[in-house]
Amino acid sequence: MYSKKQYVFDGRKPVNVEIRHYNQFDFPELIAIQKESFPPPFPPELWWNDEQLENHVKLYPQGALCIEVEGELAGSMTALLTDFDPVHPEHKWQEITDDGYIRNHKPQGATLYIVDICIRPKYRSLKLGQLLMQSMYERVVQDGLERLLGGGRMPGYHRFSDKLSAEEYADQVIAGEIKDPVISFLLRCGRTPVAVVPNYVEDEESRNYALLMEWKNPFNQ
């Protein structure tokens, strides 16, 4: 079982947090956090349900992480193992995650694929997402995997889609000319771009695009 306790800072005040595996007792709160984290126009049918969460803890509990802030559940991150061919990077979220049910989890896969990450809005200033991402990097190293991989939404793209292609938008975010809530966050977490993927997930703000981003295991090159 994975458990990591440390402090983060809320302004100048140290705040105790714990990262651990989530379990069935956490399901109601995890679903509530999804609703807070992904409000409309994000499709409600993409929020977690009990069957999906049950599969996460049964099929790959190592990839089912949550974070608590002084005892209150504040966010979660979910992953599965898969195979990835960098020569053919395009795919859909629904296909690679089995619509979030992860029944296609491959125990011998060399790529840790991020299914989802969400943080309760009131806690986002504490940089909890970066702590969860770091914990997943630790899993990559611990298990000798090749990489962590996932598609990053581009929720700021809808404001530029009439004048920039998705690739141009991603390039400007990477260059620091535009700030995107998700892609800029992933860059701060150490992720690097692989490819812009069309029709990745139904997402009006991103115009259904995502930027596939990875973190390669520095001990397995």
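Here is a short tour of a predicted model, with one selection at a time.

**Stop 1: helix α1.** Select residues 27-37, which form helix α1. Its buried residues are Phe27, Leu30, Ile31, Ile33, Gln34 and Ser37. Turn the view to look down the axis of α1: these residues fall within an arc of 160 degrees, so they line one face of the helix.

**Stop 2: glutamine 34.** Stay in α1 and pick out glutamine 34. Is this residue buried or exposed? Glutamine 34 counts as buried because its relative accessibility is 0%. Beyond the residues up to four places away in sequence, it touches Leu46, Trp47, Trp48, Asp116 and Cys118.

**Stop 3: the largest nonpolar core.** This core has 72 residues, and Ile67, Leu112, Leu128 and Leu148 touch the most other members. Colour helix α4 (residues 128-142) next, as it gives the largest share of the core, seven residues.

**Stop 4: the largest pocket.** Finish at the largest pocket, which holds about 930 Å³ of space. To find its centre, select Phe38, Ile117, Cys118, Arg153 and Val182, the closest to it of the 37 lining residues. Which strand supplies the largest share of the lining? Strand β5 does, with six residues. By type, the lining divides into 23 nonpolar, seven polar and seven charged residues.

Note on methods. Residues numbered from 1 in each chain as written. Predicted model: local features only at pLDDT ≥ 70, side-chain atom pairs only at ≥ 80, totals over all residues. Heavy atoms only, no water. Buried < 20%, exposed > 50% of the residue type's maximum accessible area, 1.4 Å probe, protein only. Helix = DSSP H or I, 4+ residues; strand = E, 2+ residues; numbered from the N terminus. Arc of directions from axis to C-beta. Contact = heavy atoms within 4.5 Å. Core = buried A, V, L, I, M, F, W, Y, C linked by side-chain atoms within 4.5 Å. 1 Å grid on protein atoms, 1.4 Å probe; cavity = no way out; pocket = protein on both sides within 12 Å on 5 of 7 lines; lining within 4 Å. Points joined across faces, edges and corners; volume = space filled by probe spheres on them. Nonpolar A, V, L, I, M, F, W, Y, C, P; charged D, E, K, R; others polar.
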